[in-house]
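Subject: Structure handover

Hello,

The structure we discussed is below, sequence included. My notes on the fold, the helix packing and the nonpolar cores follow it.

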Amino acid sequence: MGYFKLPPSTEINRSIPKNAFDKFTNAKQKKLLVEAVDKIKWTNKIAPETINLTGTEITEIQVFEIQLKTKNNVREILDVIDKSIPYHIVFILHFQQNILISTTKKHPHITKEDLAVLDWNFSTEWLDMSSATIQFILQSSIDTVYANLCFQIKGCDDKKITIQDFIEKDAAIKNISYQIEKLKSAIKNCKQFNRRVELNLQLNSKVTELNGLQH
């Protein structure tokens, strides 16, 4: 553990028991935490008092490193932890010699102070720990620090866009990609020539729209 190269002032290095999230889990999720997670460690806190930067929308970033026993159902585990903590969390998941870096943009629940609402997830694939290059860039503000990390995770080098712009674009790409797969399936199963022509035209239109978003 200890992937990110962060200043000593940010270090917390506190173990978190898995039962700390019991009040936020159902029986299935509680069992999943026990079976899939070996240990959870709160390693760092990025906040005004630890790095001398402030944020407007994002005031603190917590770093959690999680040693896994299995890769299965990882997303569900992270969502449970994320919803239970109001601050933004960057997770480093360890499994054997691989790591996965994940964070979710979120906002406070309107009526429940101890719950967060998850907006959009940014995750890498599983990476070889020795070749992973994602790091925090501690410049400008905590909002910028978080946005830069999200852009690194997604491989985006356009620093002129905001994180909200990126989320909207990513959501549109996923939605159109889903529509393309549905059209491909419909074309494959369609017996009527005229209908196949119509579906192919729709498919070509969606592919063009997707290409426009991706460039």
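Contact here means heavy atoms within 4.5 Å. On that basis, among contacts in the protein chain with a separation of 6 or more, 63% are between residues 24 or more positions apart. Please keep in mind that this is a predicted model.

Overall fold. The protein chain has 215 residues, and 41% of them count as buried. Its C-alpha atoms fill a box of roughly 65 × 45 × 45 Å along the principal axes. There are six helices and seven strands, and along the sequence they run β-α-β-α-β-α-β-β-β-β-α-α-α.

Helices α1 and α3. Helix α1 covers residues 27-36 and helix α3 covers residues 74-84; their axes come within 10 Å and cross at roughly 110 degrees. Angles of 65 to 115 degrees count as roughly perpendicular, so α1 is roughly perpendicular to α3. The crossing of these two helices is left-handed. On the α1 side the contact is made by Lys28, Gln29, Leu32, Leu33 and Ala36, and on the α3 side by Glu76, Ile77 and Val80. Sorted by class, the contact of α1 with α3 has five nonpolar residues, one polar and two charged.

Helices α4 and α5. The axes of α4 and α5 are 10 Å apart, and the helices pack at an angle of about 30 degrees. Angles under 35 degrees count as roughly parallel, so α4 is roughly parallel to α5. The crossing of α4 and α5 is left-handed. From α4, the residues Tyr146, Ala147, Cys150, Phe151 and Lys154 meet Ile163, Phe166 and Asp170 of α5. This contact of α4 with α5 comprises six nonpolar and two charged residues, with no polar ones.

Nonpolar cores. The largest nonpolar core has 30 residues, of which Phe4, Ile61, Ile101 and Phe136 touch the most other members. At least two residues of this core come from each of β3 (61-68), β4 (88-95), β5 (98-108), β6 (116-123), α4 (142-154) and α5 (163-189). The most come from α4, which gives eight residues. Leaving aside residues up to four places away in sequence, Phe4 touches Val63, Val90, Ile92, Ile101, Ile134, Gln135, Phe136 and Leu149. Another core, of 22 residues, lies apart from the largest one; Ile16, Leu32, Ala36 and Ile81 are among its members.

Regards

Note on methods. Residues numbered from 1 in each chain as written. Predicted model: local features only at pLDDT ≥ 70, side-chain atom pairs only at ≥ 80, totals over all residues. Heavy atoms only, no water. Axes fitted to C-alpha atoms, helices over the stretch in contact; angles between N-to-C directions. Helix = DSSP H or I, 4+ residues; strand = E, 2+ residues; numbered from the N terminus. Parallel < 35°, antiparallel > 145°, perpendicular 65-115°, else oblique. Left-handed = near helix turned anticlockwise from the far one by under 90°. Nonpolar A, V, L, I, M, F, W, Y, C, P; charged D, E, K, R; others polar. Core = buried A, V, L, I, M, F, W, Y, C linked by side-chain atoms within 4.5 Å. Buried < 20%, exposed > 50% of the residue type's maximum accessible area, 1.4 Å probe, protein only.
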